[in-house]
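Grab a pencil and work through these exercises with the structure open beside you. Each task comes with a solution that goes step by step.

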Amino acid sequence: MEIHIVADAEAGAQVVADTFARTLQEAGPSGAVLGLATGSSPVPTYTELIRRHREEGLSFADSRAFLLDEYVGLPAGHDQSYHRFIRENFTEQIDIDDAAVVSPNGAAADPIAEAASYDRRIAEAGGVDLQILGIGSNGHIAFNEPGSSLNSRTRVVGLTRSTITDNSRYFDSPVDVPVRALSQGLGTILEARRIVLTATGASKAAAVAQLIEGAISSRWPATVLQLHPDVVVVVDEAAAAELQLADDYRYARRLEIENPLDVTQV
Ligand code: PGA
């Protein structure tokens, strides 16, 4: 894992946006396949990518995007649907084709068939080049709650009480929060070629400590990312507070900045 402990969300957004820019550049003219997430964690990154698009010409023109998840039972246009969220907060403000921004259809008559076809659509697009993730205070990624199979596929999941409570801030009342979602599975997410996870604030400290230093277990689903070969984790000081080896991670980053390994010279 490449671990960045940063001063605040804005500094983190620079690191994550750099990872996006690198992925877009590597994909070249055929465009990248981006894995997008909702929630508050990625918003500073989206804001920075919008700025780079407007001011620096960063282009997403030929890219495609797949969302991680969607509530079951909310129509796509609903205020709180993730379909709507990603458009308002990101994709309507860059040059990606709207038809290329794909999410599970939470209003599908047959959500189980919708889940199965979602993994197929990602595979047909060639797989995800870069997946951005947040993390829940209970260690979930997407809606893979504790107990999720570490090799799960996109499926219909029930939300835990803690997630419903966390997400109720977006709804008028907790009873309005949908209780199910369509979510990419942990096995689906692991197929992305590069993953960047970002978290801020003390409420994420326990989950971040497990993600980086805990034993791999469905008790903390994000720990499965330890098996992935290309993961970047970007956290602020509050979210890093329970890491036992934070000084080692800071030292590794400093070393990389002061003495970059120029592989072309090895
Ligand atoms: P948040 O949610 O970014 O709004 O904190 C993250 C998550 O629950 O996955």
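**Exercise 1.** Find the residue that stands opposite Ala65 in β5, then place its strand in the sheet.

*Solution.* Keep in mind that this is a predicted model.

- Step 1: Now zoom out to the strands: β3, residues 64-67, runs parallel to β5 and is joined to β5 by two bridges.
- Step 2: Zoom out again, and you get an open sheet of seven strands with parallel pairing, in the order β1-β10-β9-β6-β2-β3-β5.
- Step 3: The edge places go to β1 and β5 (101-102); each has a single partner strand, so one side of each has no neighbour in the sheet.

**Exercise 2.** Work out which strands pair with β9, and whether its residues are buried or exposed.

*Solution.* 

- Step 1: Start with β6, residues 130-133, which runs parallel to β9 and is linked to it by four bridges. Here Gln131 sits opposite Ile195.
- Step 2: Then take β10, residues 231-236, whose pairing with β9 is also parallel and spans five bridges. On this side, Leu197 faces Val233 of β10.
- Step 3: Follow the chain too: β9, helix α7 (residues 205-213) and β10 form a right-handed β-α-β unit.
- Step 4: Check the side chains. Arg194, Val196 and Thr198 point one way, Ile195, Leu197 and Ala199 point the other way, and all are buried.
- Step 5: Buried here means under 20% relative accessible area. Six of the six residues of β9 (194-199) are buried, so the strand is largely enclosed by the rest of the structure.

**Exercise 3.** What volume does the largest pocket have, and which residues lie nearest its centre?

*Solution.* 

- Step 1: The space in the largest pocket comes to about 630 Å³.
- Step 2: Its lining counts 37 residues, with Thr38, Gly39, Ser40, Ser41 and Lys204 nearest the centre.
- Step 3: Elements that give two or more residues to this lining are α1 (9-27), α2 (43-56), α3 (82-89), α5 (161-167) and β9. The most come from α1, with four residues.
- Step 4: Sort the lining by class, and you get 16 nonpolar, 17 polar and four charged residues.

**Exercise 4.** Now do the second largest pocket: which residues line it, and which element gives the most?

*Solution.* 

- Step 1: This pocket has a volume of about 200 Å³.
- Step 2: Its lining is Glu2, His4, Val15, Asp18, Thr19, Arg22, Val232, Arg253 and Glu256.
- Step 3: At least two residues each come from β1 (2-6), α1 and α8 (246-258). The most come from α1, which gives four.
- Step 4: By class, there are two nonpolar, two polar and five charged residues in this lining.

Technical notes: Residues numbered from 1 in each chain as written. Predicted model: local features only at pLDDT ≥ 70, side-chain atom pairs only at ≥ 80, totals over all residues. Heavy atoms only, no water. Buried < 20%, exposed > 50% of the residue type's maximum accessible area, 1.4 Å probe, protein only. Pairing = 2+ DSSP bridges. Right-handed = clockwise from strand over helix to strand, strands pointing away. 1 Å grid on protein atoms, 1.4 Å probe; cavity = no way out; pocket = protein on both sides within 12 Å on 5 of 7 lines; lining within 4 Å. Points joined across faces, edges and corners; volume = space filled by probe spheres on them. Nonpolar A, V, L, I, M, F, W, Y, C, P; charged D, E, K, R; others polar.
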